[in-house]
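Reader: Hi! Could you walk me through the side-chain interactions in this one?

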Amino acid sequence: MQLWKGRFQKALSKTTNDFNSSISFDSRMYREDIEGSIAHSKMLGECGIISKEDAAAIGEGLRGILADLDSGKLTIDPEAEDIHTFVEGELTSRLGDTGKRLHTARSRNDQVAVDLRLYLRNQIKEISGLTEELLKVICKKAEEHAETIMPGYTHLQRAQPITFGHHLLAYGEMFLRDLKRLSDCSERMDVMPLGSGALAGTTYPIDRRLTADLLSFESVSENSLDGVSDRDYCIELASALSIIMMHLSRFSEEIILWCSHEFKFIELDDAFSTGSSIMPQKKNPDIAELVRGKTGRVYGDLMGLLTVMKGIPLAYNKDMQEDKEAIFDAVDTVKMCLTAFTPMLDTMTVLPQNMRNAAAGGFINATDCADYLTKKGLPFRDAYKATGEIVALCIEKGLTLETLPLDEYKKVCDIFDEGVYEAIGLERCAYERRSQGGPCPDNVRKNADRLKTIIENKLY
């Protein structure tokens, strides 16, 4: 069944029909399509555009179709042009002429626009829930390791001592911003386009606010051309999803490094690792690697959407059918990655002694050595120079700042005394960094509590 076939004298070729069809991917919106149609028919009845009896019959028929699809009693015809055609055709086969009244004052252009907004609005809720679960695991792990010393890095070189809990909460802040982006996107998506018609609205006395209320939309689109011809909400969501994937990918990269024998900061649970077909000793971080790899896929979805939309004149064009596969793939990929990543993180074993051993090398307490001199009155640049000379001396002698004798310290700067050894202790270096946002254990615990409160009360 083609809703538009009255104009044509020849049947559509199978090649053209297959190329034109979108049922293979837009069928996932059957629930939203039916919900939108129920609201539309109720509005038509309330406005006297069709009889209330017909509106009631259409609503009942649509609910029957939804129930049959949910139960499996009815299956979607893969030969249908799209989900809208399938639902209307099934309704008409059940109700006859009454079913044909459903499409009054409506176009497939505004119909698909409302279906997509409804569907993506629901998907944002699911993705937000999955992101919340990841944040809860991050907070739990951070609290467990609020005092676990590890080296902090810049340029992938050991830089200063921090705590593992502090490192984890850096990702907590990133994912919190992701939640805020999803919330912002959902707010801008909460606009009801139904009633825009094909492009120019309708001459029927419809009540768009009633339809919006029935579908729980906050507002109604104010321009009929815009209502049917933009997909910025898809692009914005794809952008937010790309940023989530970027954060997951960075986190995955660190996990991949940490579980290597070169680092050995963590060990992944067997349930979230795989082996080699030829090397029996291997334990590979495949989940993290796949998350890292699938990030490029979501980026591609975003670029695909931007490219499809970049040259389309107003209003609707068939190019826009390409929006769904891209945004659906991005949504599915992010959900899949979050579902796999969160339990992998939750079940990993942290190896605190290995982290501390790594922190003990590389002179990562050198800044604290310079600060020690500065607090004794030496200008920071002089303290920096003196500490650099001491590091060079340690390298020459094969020693560390902790093992260099005091008399060697004094040869470089006579301000040094026994207090330097306490000042450069790793725990002191990390725990005394109490400035707001610093890695001391109290800050870690407070920030974990703050994140949990934000999540629990949905304050994002």
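Author: Happy to; we can go through salt bridges, nonpolar cores and aromatic rings in turn. Keep in mind that this is a predicted model.

Reader: Let's start with charges. How many salt bridges does the structure hold?

Author: There are 35 salt bridges in the structure. One of them joins E81 and R108, whose closest N and O atoms are 3.4 Å apart. That pair links distant parts of the chain, with E81 in the loop between α4 (52-71) and α5 (83-95) and R108 in helix α7 (residues 108-144), 27 residues apart.

Reader: Is E81 buried or exposed?

Author: E81 is buried, since its relative accessible area is 3% and the cut-off for buried is under 20%.

Reader: Nice. Which residue does E126 form a salt bridge with?

Author: Its partner is K335, and the closest N and O atoms there are 2.9 Å apart. This pair also links distant parts of the chain: E126 belongs to helix α7 and K335 to helix α13 (residues 323-347), 209 residues apart.

Reader: And how accessible are the two, E126 and K335?

Author: E126 is partly exposed at 41% relative accessibility, whereas K335 is buried at 18%. The side chains of K335 and E126 are also joined by a polar contact of 2.9 Å.

Reader: What else is K335 in contact with, leaving aside its neighbours within four places in sequence?

Author: Besides E126, K335 is in contact with Q123, I127 and L130.

Reader: Where do K376 and D417 lie, if they form a salt bridge?

Author: They do form one, with the closest N and O atoms 3.1 Å apart. K376 is partly exposed, with a relative accessible area of 38%, and D417 is partly exposed with 29%.

Reader: Which residues are linked in a network of salt bridges?

Author: E147, R434, D442 and R445 are linked that way.

Reader: Switching topic: how many residues has the largest nonpolar core?

Author: It has 75 residues, and those with the most contacts inside it are L120, L237, L241, L248, F251, I255 and I266. Helices α7, α8 (164-189), α11 (232-258), α12 (286-309), α13, α14 (352-360) and α20 (441-456) each supply at least two residues of this core. The largest share, 14 residues, comes from α11.

Reader: Why would such side chains be together at all?

Author: In soluble globular proteins, nonpolar side chains tend to be buried together.

Reader: Now the rings, please! How many aromatic pairs does the structure hold?

Author: The structure holds 10 aromatic pairs. In one of them, F164 and W258 are edge-to-face, at 5.4 Å centre to centre and with 70 degrees between the planes. F164 lies in helix α8 and W258 in helix α11, so this pair ties together parts that are 94 residues apart in sequence. Both F164 and W258 are buried.

Reader: And why is the pair of Y409 and F416 tilted?

Author: The ring centres of Y409 and F416 are 4.7 Å apart and their planes are at 55 degrees, so the pair is tilted. Both Y409 and F416 are buried. Together with Y372 and Y421, Y409 and F416 form one aromatic cluster.

Reader: Last one: which ring does the charged end of R121 sit over?

Author: The charged end of R121 sits over the ring of F217, 4.5 Å from its centre. R381 likewise lies over the face of Y384, at 5.1 Å from the ring centre.

Definitions and conventions: Residues are numbered from 1 along each chain as its sequence is written. This is a predicted model: local features need pLDDT of at least 70, side-chain atom pairs count only at pLDDT 80 or more; totals for chains, interfaces and linings use all residues. Side-chain values use heavy atoms; hydrogens and water are left out. A salt bridge is a side-chain nitrogen of Lys or Arg within 4 Å of a carboxyl oxygen of Asp or Glu. Helices (H or I, at least four residues) and strands (E, at least two) are DSSP runs, numbered from the N terminus. Buried means under 20% relative accessible area, exposed over 50%, partly exposed in between (1.4 Å probe, protein chains only). A nonpolar core is a set of buried Ala, Val, Leu, Ile, Met, Phe, Trp, Tyr and Cys residues joined through side-chain atoms within 4.5 Å. A polar contact is a pair of N or O atoms within 3.5 Å; within protein, one must be able to donate a hydrogen and the other to accept it, and residues adjacent in sequence count only if both atoms are side-chain atoms. Contact means heavy atoms within 4.5 Å. Rings of Phe, Tyr and Trp (its six-membered ring) pair if their centres lie within 6.5 Å; planes under 30 degrees apart count as stacked, over 60 as edge-to-face and the rest as tilted. A charge sits over a ring if NZ of Lys or CZ of Arg is within 6 Å of the ring centre and within 35 degrees of the ring normal.
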